[in-house]
Amino acid sequence: MKRQFAFVMLAFTLTGQAAAATNWKGVDEAFGRAGTVQSGDVHRYGFPRSDLDVSLDGVRIKPALALGSWLAFRDVGNQAEVMGDLVLTQPEVNPVLSRLLDGGLTITALHNHLLRSTPGTMYMHVHGMGDAVTLATALRRALAASHTPIGASAAAATDAIALDTKAMDAALAAQGKIAGGTYQFSFPRAEQITEDGAPVPASFGLATAINFQPTTKGRAVATGDFVLIESEVTAVLTELRRHGIEVTALHNHLVGEQPRLFFMHFWGNGEAIALAQGLRAALDRMNLARPAK
């Protein structure tokens, strides 16, 4: 009995060591910036494309609205998993893609999020499994093939914003947050998403994101993406168009997830509260998690 107890304790100790083995400091050093730890022990790294001057419908787009590259890491057993979305100009796409492949990363999607923007931007979704620092080093090398600013970035502004945020919260039945001159909302799904049988947290890029940027008095542009299951796609498409909101892309980001997810990007330009109400109508056609009380 004593030997059995000792074996169990040894196994627990080894397991604990394996779970804590990820060298997050090394990942921070590879990227030249600290990650943000989110729910599910996800370490997220943001790379806003502050170097780009992108306009759409006469509006200069803030990086926090639609130009934010990001990479999210988490522990999976004795290795790390990374998933993310890189914002690239068209000439940057293939140089970055080649370096990602050289580094053992998988490209799961390449597409637009916006229509009519100048210059045009592309969005490359990446995935990888292995040692976290090795993955981060390969990703850093790939980013270096673009003009993405690398290294410590300035903190995003959280000051007051020229929107009636209380009315926006009421229209969307949620609490938004100010970030980088935008007002942002996140809506996780009710289902537990799995990949290869293992649960994937919503903070790994699986929550619906809705961002607003004020323009003139009482007006805003809005963009983001809805994270949908197959049965919701047509219903959400219909609601968005019924409220005058453009659908700009529909695609997948992952490989092997259950249930299968579809990502629908949108663009709205108009009276801010009306946009929020239209987006809420689309959200009401989805199976969303109930807000925590």
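**Exercises on pockets, helix packing and backbone geometry**

The second largest pocket holds about 150 Å³ of space. The model is predicted: local features need pLDDT of at least 70 and side-chain atom pairs count only at pLDDT 80 or more, while totals for chains, interfaces and linings use all residues. Residues are numbered from 1 along each chain as its sequence is written, and side-chain values use heavy atoms, with hydrogens and water left out.

**Exercise 1.** Describe the lining of the second largest pocket.

*Solution.* Step 1: a pocket is, on a 1 Å grid over the protein atoms alone, an open set of points with protein on both sides within 12 Å along at least five of seven lines, and lining residues have an atom within 4 Å of a point. Its volume is the space filled by probe spheres set on points joined across faces, edges and corners.
Step 2: the lining of the second largest pocket consists of 12 residues, of which Ala21, Thr22, Asn78, Gln79 and Asp131 lie nearest the centre.
Step 3: strand 6 (79–89) and helix 5 (132–143) each give at least two residues to this lining. Elements are DSSP runs numbered from the N terminus: helices are H or I with at least four residues, strands E with at least two.
Step 4: the lining of the second largest pocket divides into 5 nonpolar, 5 polar and 2 charged residues (nonpolar: Ala, Val, Leu, Ile, Met, Phe, Trp, Tyr, Cys and Pro; charged: Asp, Glu, Lys and Arg; polar: the others, Gly among them).

**Exercise 2.** How many cavities of 30 Å³ or more does the structure hold, and what lines the largest cavity?

*Solution.* Step 1: a cavity is a set of grid points where a 1.4 Å probe fits but cannot get out.
Step 2: there is 1 cavity of 30 Å³ or more, and the largest cavity has a volume of about 30 Å³.
Step 3: its lining is formed by Trp70, Met83, Gly84, Thr108, His125, Val126, Gly205, His253 and Phe263. Strand 6 and strand 8 (121–130) are the elements that supply two or more of these residues.
Step 4: by class, the lining of the largest cavity has 4 nonpolar, 5 polar and no charged residues.

**Exercise 3.** Describe how helix 7 packs on helix 8, and how helix 4 packs on helix 5.

*Solution.* Step 1: helix 7 (residues 233–242) and helix 8 (residues 272–283) pack at about 165 degrees with axes 8 Å apart (axes are lines fitted to C-alpha atoms over the stretch in contact; angles run from 0 to 180 degrees between N-to-C directions). Helix 7 is therefore roughly antiparallel to helix 8 (an angle over 145 degrees).
Step 2: Val236, Glu239 and Leu240 of helix 7 make the contact with Leu279, Ala281 and Ala282 of helix 8 (heavy atoms within 4.5 Å). This contact has 5 nonpolar, no polar and 1 charged residues.
Step 3: helix 4 (residues 93–102) and helix 5 pack at about 160 degrees, their axes 8 Å apart, so helix 4 is roughly antiparallel to helix 5.
Step 4: Val96, Arg99, Leu100 and Asp102 of helix 4 meet Leu139, Arg141 and Ala142 of helix 5, which gives 4 nonpolar, no polar and 3 charged residues.

**Exercise 4.** Locate the cis peptide bond between Thr118 and Pro119, the one between Gln258 and Pro259, and the positive phi of Asp41.

*Solution.* Step 1: most residues other than glycine have a negative phi, and most peptide bonds are trans.
Step 2: the Thr118–Pro119 bond is cis, with omega about -10 degrees; Pro119 lies in the loop between strand 7 (106–111) and strand 8.
Step 3: the Gln258–Pro259 bond is cis, with omega about -10 degrees; Pro259 lies in the loop between strand 16 (257–258) and strand 17 (261–271).
Step 4: Asp41, not a glycine, has a phi of about 55 degrees and sits in the loop between strand 1 (36–38) and strand 2 (42–48).

Key:
Angles under 35 degrees count as roughly parallel, over 145 as roughly antiparallel, 65 to 115 as roughly perpendicular and the rest as oblique.
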